[in-house]
Amino acid sequence: MDEILAEYIRRTVLKIPRDEIKTVLQTWGFLSEAQLQTVNFHQIKENISQDVVRLCEENSADIKQAAVLDIIYNHIYSDKRVWSVYQMSKTGEETEFFDLTDFKKKFKRRLRSALKNVTINFREYEDNSIWIRIAWGTPYKKPNQYKSSYVVYHSQTPYVFISASVLKSTLPLLCQALVVASNYRDIREMELRSHSLNSLKDIVFKRYSQNFQTYYPRPLQERNVAPESADLRIVQENRHEKERIERVNRKVFGDGPQPKLEFAQYKLETMFKSDPKMGVLDKKEPFRCLVKFSSPHLLESLKSLAPAGMADAPLSPLLTCIPQKARNYFKIREKKGIFPGSFVSP
Amino acid sequence: MEEGKAYSPCGELSVWGAGCLPVLRPFEKLSQVVSLRICAEPPLFWVPQRRPLIITAWVFERVVLFLAGVFAHLEMLEARACEAATKKEETERQEEKLARLKARVEELRLQRDELQAKVDLQQKRQLGKEGVASAPAQPSAQAVLEWKIRSVEAMLQVFYLTGISGKLTKLGVCFCISTAYEGTYLDSYYLDLLTKPEVQIHRHSVPVFIPLGQIAKKYLQTDIRRFLSVLSDHLNAYAGRRYQADQLQEHFSDQIEGTLQRNSLCNLLVFNYNVLSKRKTFLFNVRLLYGDLCCSLPTEVVISCTPDAPASLAETAAAHSDLFRRVALHKAFRSFSSAEENMDGAP
């Protein structure tokens, strides 16, 4: 075990909150239970990390195991990365028997044929997702483990969740390998990004609450209903209006919790419209501006705008179409309806 | 105990008055009285010392005959007593049960009376109340209508049990496809259709790997019934395949070696499992291919095992492969394990 690897394992351990280190190492499964018993997990993280490295040296760990530990860390703390959704497309419509071994083989072969110095690791999870970690090097340099790319793929779906490496030049290679391995023809970024990987999955896999109308009795979600005022002297003047807002809001957002997004960005390239007599900005140039909504939980906050009386119900479809359109980065031009996505073709 | 002639080997020998000392009538006056304690190896019969069996005998042969008679009689008496005791017990038990049931009847009667009284009271109150406003002897038309609406709504709710149910919306119709596998209800999926200007899918919650677009292209405009039934077949088959794989993982993980590899559609399952043969375990590698996406049974089964396995295992593999093709995965495994148990039971 070389020094670089030891340092990498040490730093990975340092990233984990102290109370969680033991569980993460147990999930990793590389160190035996007896070995873990010898580590005092109550000391400072610095010392824990050194103990772990010592044990890894005993077991002569290699880069493969270190990469698995890194994947486990990123799986548990996936919120620490920004994930972007890519959509793949193909001409034929035939459904395939997706074979994991085959996929891995093709993916590796494709990447390795372009770049010798890469570390590629896979890990499957119970929800049928495949996690791929790629550390990139150059023809003359060893892979940089600290600037890895992470890919989450669900077989037989056209969606890929990528948390790209800071090394931007590696993205086209990665996309190529993905397209080839999963038998697609094309891949493009969907303009949908978030820290919450699960919310992105909910959006593109249509698992978010959509409020379908049926006769099928579904268990009602518990809602926070404002307690009715017991004082008879207080008259709710706008009760009907309140009910209308409630109804409209339910129709747009549904009953359940919203997927978690942090941003919605609108790039406006529209003409400024004013009375021609006033002579304000009477140019044919589009009026460029960027509107960015940000919140720890954007869709929930949008949902609560109308009931709180801060906005008219219903909200603009530009805001409420986010999960439906599966994108949170928009470009608004004069002629609406065209949202070109950036294609990255292999 | 009844008095009777139980045994009489010859004219002179008879036993009377069971319970007291047997008397040998023809030899009453004879002086020779023999007291006997009957022993044998192993002891067959024992007469307590305190009440010795006194037998007057003239001829030893007769004594033997007499004793045989006594034994038989006692045996019979014992059997009778035993029978009587069980009978008595039985009747006692029945009586007890009867008493219990009677008490329960009484209790229920009381409850019924109480409830009846409550209902009467309530009806009286209601009548009193309604009497103030009006006196409707019959339920109003409004109430009847409401009741009818409620029952129709309940009926529509029940419709989801059929698998496909729909509700008209402002712009079209919203369908709900409920899936089930062998009597277990699984997930429901929704499909919001717009009907104008042409039928199109507005929103849906169908998993992305179900070829919805393909099915829609084929049938949506021309035959909506067909569209729904094909989609429902796809969803049910998918739910069934997934359910089987889940069941296998849940209940037979001890037999499975390593992980069960599957894809999103669950149309390819790969796993290894242990097979016991001649007190040795061998590993079978299975590849189940579900070629028909509307079917929850595999169309192709490939079982391979390690080269060092005995030839008899090939037969087992063939049998298993046949079973996988016909029976749900978890049921096939259940039958393997029961077969193994049977084999273990046999010497």
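**Labels and their grounds**

Guide: Phe263(A) has Ser294(A) as its bridge partner in strand 8 of chain A. This is a predicted model in which local features need pLDDT of at least 70, side-chain atom pairs count only at pLDDT 80 or more, and totals for chains, interfaces and linings use all residues. Residues are numbered from 1 along each chain as its sequence is written, and chains are lettered from A and ligands numbered from 1 in the order in which they are written.

Visitor: What makes strand 7 and strand 8 of chain A a pair?

Guide: Two strands pair if DSSP finds at least two bridges between them. Strand 7 (residues 263–270) and strand 8 of chain A have 8 bridges, in the antiparallel sense, so they meet the cut-off of at least two. A further bridge partner in strand 8 of chain A is Cys289(A), which goes with Leu268(A). Strands here are DSSP runs of E, at least two residues, and helices are runs of H or I, at least four residues, both numbered from the N terminus.

Visitor: Why are strand 8 and strand 9 of chain A called edge strands?

Guide: The open sheet has 3 strands in the order 8-7-9, with mixed pairing. Strand 8 (287–294) and strand 9 (329–333) of chain A each pair on one side only.

Visitor: Does strand 8 of chain A lie buried or in the open?

Guide: Strand 8 of chain A lies largely in the open, because 0 of its 8 residues are buried. A residue is buried if 20 or more other C-beta atoms lie within 10 Å of its own, exposed if 12 or fewer, and partly exposed in between, with C-beta atoms placed from the backbone.

Visitor: Why is helix 5 of chain A said to be mostly covered?

Guide: In helix 5 of chain A, 10 of 14 residues are buried; among them are Ile63(A), Leu69(A), Ile71(A) and Asn74(A). The cover includes helix 1 (3–15), helix 2 (21–28) and strand 3 (129–138) of chain A. Helix 5 (residues 63–76) of chain A reaches 20 Å from its first C-alpha to its last, close to the 20 Å expected; the expected span is 1.5 Å times one less than the number of residues.

Visitor: How do you know that Ile72(A) is buried?

Guide: Ile72(A), a residue of helix 5 of chain A, has 20 other C-beta atoms within 10 Å, so it is buried. Ile72(A) touches Val24(A), Thr27(A) and Trp28(A), not counting residues up to four places away in sequence; a contact needs C-beta atoms, placed from the backbone, within 7 Å. Trp28(A) and Ile72(A) are 44 residues apart in sequence and 7.1 Å apart in space, C-alpha to C-alpha.

Visitor: Which residues touch the most other members of the largest nonpolar core?

Guide: Ile9(A), Val85(A), Phe161(A) and Leu200(A) are among them, in a core of 93 residues. Helix 4 (residues 224–251) of chain B gives the most to this core, with 9 residues. A nonpolar core is a set of buried Ala, Val, Leu, Ile, Met, Phe, Trp, Tyr and Cys residues joined through C-beta atoms within 7 Å.

Visitor: What makes the phi of Asn128(A) worth a remark?

Guide: Most residues other than glycine have a negative phi, and most peptide bonds are trans. Asn128(A) has a positive phi of about 70° although it is not a glycine. Asn128(A) is in the loop between strand 2 and strand 3 of chain A, and it counts as buried because it has 21 C-beta neighbours inside 10 Å. Gln156(A), also not a glycine, has a positive phi of about 60°; with 22 other C-beta atoms within 10 Å, Gln156(A) is buried.

Visitor: Which peptide bond to Pro314(A) is cis?

Guide: The bond from Ala313(A) to Pro314(A) is cis, with omega near -5°. Pro314(A) sits in the loop between helix 10 (298–305) and helix 11 (317–320) of chain A. In chain B, the bond from Lys196(B) to Pro197(B) is cis, with omega near 0°.

Visitor: How many bridges join strand 8 to strand 9 in chain B?

Guide: Strand 8 (residues 268–277) and strand 9 (residues 280–289) of chain B run antiparallel and are joined by 10 bridges. The open sheet has 4 strands in the order 7-8-9-10 of chain B.

Technical notes. Contact = placed C-beta atoms within 7 Å.
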